[in-house]
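Let us walk through this structure together, chain by chain and then residue by residue. Please keep the viewer open as you read.

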Amino acid sequence: MRTPPSWRCPTFSLYLTIFRYGFRRHAAYRAAAVAGAFTNTVFGILRAYVLIALWQARPGLAGYDVADAVTFCFLTQAFIGPMQVFGGTLDLAQRVRSGDIALDLVRPGSLLLWSLADDLGRAAYLFLLRSIPPTLVGAVLFGIRFPAEALTWAAFALSVVIGVVVSFGLRYLVALSSCWLFDDLGVQSLSLVMTTFFSGMILPLVIFPGWLGTLARALPWAAMVQVPADVFLGKADLAGALAFQALWAAALLAAGALATRAARRKVVIQGG
Amino acid sequence: MTDLVRTYVLLAYTWVRAAAQYPVSLAITTVAAFLVTALDVAAIAVIFTHTRSLAGFTLLEVMFLYGTAGLSFAIADLLFGNVDRLSQHVRAGTFDAMLIRPASPFVQMAVERFAFHRVGRIAQAGVVLAIALPGLEVPWRRAWMIPVMVVCGIVIFTALWTLGGALQFLLTDAPEVANAFTYGGGQLTQYPLSVYGDDLVRGVTFIVPLAFVNWQPALYVLGRPDPLGLPHLLRFLSPAAALALACVAALAWRAGLRRYRSTGS
Amino acid sequence: MIELDGVGRSFTVRQGPRWRRRGGPRVVHAVRDLSFHVAAGEFVGYLGPNGAGKSTTIKMLTGILAPTSGRIQVAGLDPSRRRAVLARRIGVVFGQRTTLWWDLPLRDSFHLVRHLYKVDRTVHAARLAELCEVLELGGFLDTPVRQLSLGQRVRGDIAAALLHDPAVLVLDEPTIGLDVVSKAAVREFLRTLNAERGTTVLLTTHDLGDIERLCRRVMLIDHGRLAFDGTVDELRATAPGETSIEDVVTRLYTRPSPS
């Protein structure tokens, strides 16, 4: 029997199609994305002032200067859309609740990769509409420190992609948790609290005091906001930062794969 | 008026009773509402581990500003925050259902799915205020302003939500624009306005009167001069500002409703 | 009971995003120069192809939408000016979407209706008991509306629309998507309601079975104008060659548009 020369291609092109489909599906909500960018920009301005006040009181705090802090602030706003920092859920959660998940689980192909490709498509669209505008406005109003080297830009791009994967991994686990929990509100609320606080969204993790700071910088949420921002600002050792993110992404995807297997056993074999 | 209140209370009671059928869920969401807003205070606490004053204000003073604004915001959100779901109701056709009932569509919107768990946020703001107040040693002759400012803040935030709802008669596809003003207003008033740029402060004093939620009256309560040197009289004008904004919001809502009923979209 | 005189309703449709719009906005006449009277106690079917202006008419009758021209009176009131007062005198049922509270048990919806419409407690209790029996609601009064089957939900909606004993009942496609048993139950109920209580009923439908079994009078709207108004037999007589009522209506629908 002859193996087709490009036996991997059909699978890859399948996920590429899903990626494009995810992108286009969100492109249908352009007005909402523009409105989101507007809100992100307003919040960026408000939060920037608070950070400026802090860094004026404590110049050089945590190795950042005022320009670094302002840049950090607008980056956090830029990450809200693609990384769903405010605990956005996957459509999957709704499908778990309605029981439609059974249809997804018997479909050929991996539910995990399928959802990931779709979510990356969503993130790509929101990056264009909700990440770039707030950053540009921040640059005009306050001045933002852009990386000088091409290598930093490349590392930042990679870091954002892995950040989205980490965010997806967490949201995927939250969505699947409703297979076992009668009421997933608790998990969702917890996820929201952890994500907003421990990602660096509210304040940079570098100014969290003592053990709280050490802990926050080791948790997966740091890979969503703090680490990509540090890569952008040139505050991180690139290889170390990317390795940290990749490790969490791999761990979360592995957990997601295990959870999918368990969910399939529960939903398909036991019938829900 | 009494009819509106009666309708509101009746609908709210029905929703709370329905939510109470799932006590665990209700408890979790209430606690979560408390915790999520507590993160904002945690941020303030982290900031003050690095500095003793932020834009000239101490931790207790910032907590006072946060607590009063938070209380106003959370109460307005509990009572009227649902008005910002207007575009959802329009798209789902449920707004038409409200129009065929003999009750104010505004009240029906405001109370739809009355979210009792938001008392968690009210409690959180109350706790912060209760911690801040004893340390500030506000003299009694100035403390009368505190309840006045909370009530004015409730009116101002309610008016903002109403404006946000009215805006959605025009922008059915982009309801999130309203968030910049409602939640943005909530965020802005958490910190002393001296943090922000002078132009921004003038804007929220004379255009969108957020400075009257807590900033101006708080300068009176705390007995502090205005960092921007604005007139002393402003600190007593919160009731007037709240009333003016409420009138604008009511007119905008009526105009929006008239537009909806003459375009059907 | 329902009077329309020269009623018109036009919409301005904006085409595409602002920067790509060519020419001015387009004006669509959903309803033009519509006149008809419905007397108290009548049972009228309101027919028309999709997009003919049926829903626009219903929205104007109930006060949701104001007409651009002409005069409307329902139960002696101008709907768009006296919406809240009119609400107490008419009942409205949308078959495609509910006017009940989606997340609340059916019983709570009925309770709210009593207070909103200010129905006397004993009158309400008697009426609810009667409606529950006739519409067979007893089995699912405590079920949240979102968990009801379509047939159950529509019956719940009809009961809610009648609790305040309105003089006029307006139904927008009440039998859409119902199975034969539910459909028969709804039809029988509406027939009795009209015959015994004398409630004026106006119903839109695509189901010609509804028309044949219920309506003494049929109005047909097409391109925003009244294309036919008469009894079912007169409707048949417009096309003597056709055998079934479906074919008669199809012929009316597919006539070239009067412009």
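A residue is called buried when its relative accessible area is under 20%, exposed when that area is over 50%, and partly exposed in between, using a 1.4 Å probe and protein chains only. What we have here is a predicted model, in which local features need pLDDT of at least 70 and side-chain atom pairs count only at pLDDT 80 or more, while totals for chains, interfaces and linings use all residues. Residues are numbered from 1 along each chain as its sequence is written, chains are lettered from A and ligands numbered from 1 in the order in which they are written, and side-chain values use heavy atoms, with hydrogens and water left out.

Let us start with chain A. Chain A holds eleven helices and zero strands, where helices (H or I, at least four residues) and strands (E, at least two) are DSSP runs numbered from the N terminus. Its radius of gyration is 20 Å, close to the 19 Å that the globule rule gives for 272 residues, so chain A is as compact as a globular protein of that length. That radius is taken over C-alpha atoms, and the globule rule is 2.2 Å times the number of residues to the power 0.38. Taken along the principal axes, the C-alpha atoms of chain A fill a box of roughly 65 × 45 × 40 Å.

How is the inside of chain A made up? Of its 272 residues, 51% are buried. A contact means heavy atoms within 4.5 Å; among contacts in chain A between residues at least 6 apart in sequence, 79% join residues at least 24 apart. The accessible surface of chain A comes to about 12,200 Å², and 68% of that belongs to carbon and sulfur atoms. These areas come from the Shrake-Rupley method with a 1.4 Å probe, and for residues only the protein chains shown count as cover.

For charges, Lys and Arg count as positive and Asp and Glu as negative, while His and the chain ends are not counted. Each charge is placed at NZ of Lys, CZ of Arg, CG of Asp or CD of Glu. On that basis chain A has 21 positive and 12 negative side chains, with the centres of the two sets 6 Å apart.

At 10% relative accessibility, A:S115 counts as buried. Not counting residues up to four places away in sequence, A:S115 touches A:L92, A:F168 and A:Y172.

Now turn to chain B and find B:E61 in helix 3. Is B:E61 buried or exposed? With a relative accessible area of 9%, B:E61 is buried. Leaving aside neighbours within four places in sequence, B:E61 is in contact with B:G56, B:L136, B:L222 and B:R224. B:E61 and B:L129 are 68 residues apart in sequence, and their C-alpha atoms are 9.9 Å apart in space.

The loop between helix 2 (23-50) and helix 3 (59-80) of chain B contains B:A55. Most residues other than glycine have a negative phi. B:A55, a residue other than glycine, has a positive phi near 50°, and B:A55 is partly exposed at 31% relative accessible area.

Chain C brings nine helices and nine strands. A compact globule with 259 residues would have a radius of gyration near 18 Å, and the 19 Å of chain C agrees. Along its principal axes, the C-alpha trace of chain C spans about 55 × 50 × 35 Å. Buried residues account for 53% of the 259 in chain C. Chain C exposes about 11,700 Å², with carbon and sulfur atoms supplying 49% of it. It has 36 positive and 29 negative side chains, and the centres of the two sets lie 11 Å apart.

In chain C, look at C:A75, in the loop between strand 4 (69-74) and helix 2 (83-87). C:A75 has a positive phi of about 50° although it is not a glycine, and C:A75 is buried, with a relative accessible area of 13%.
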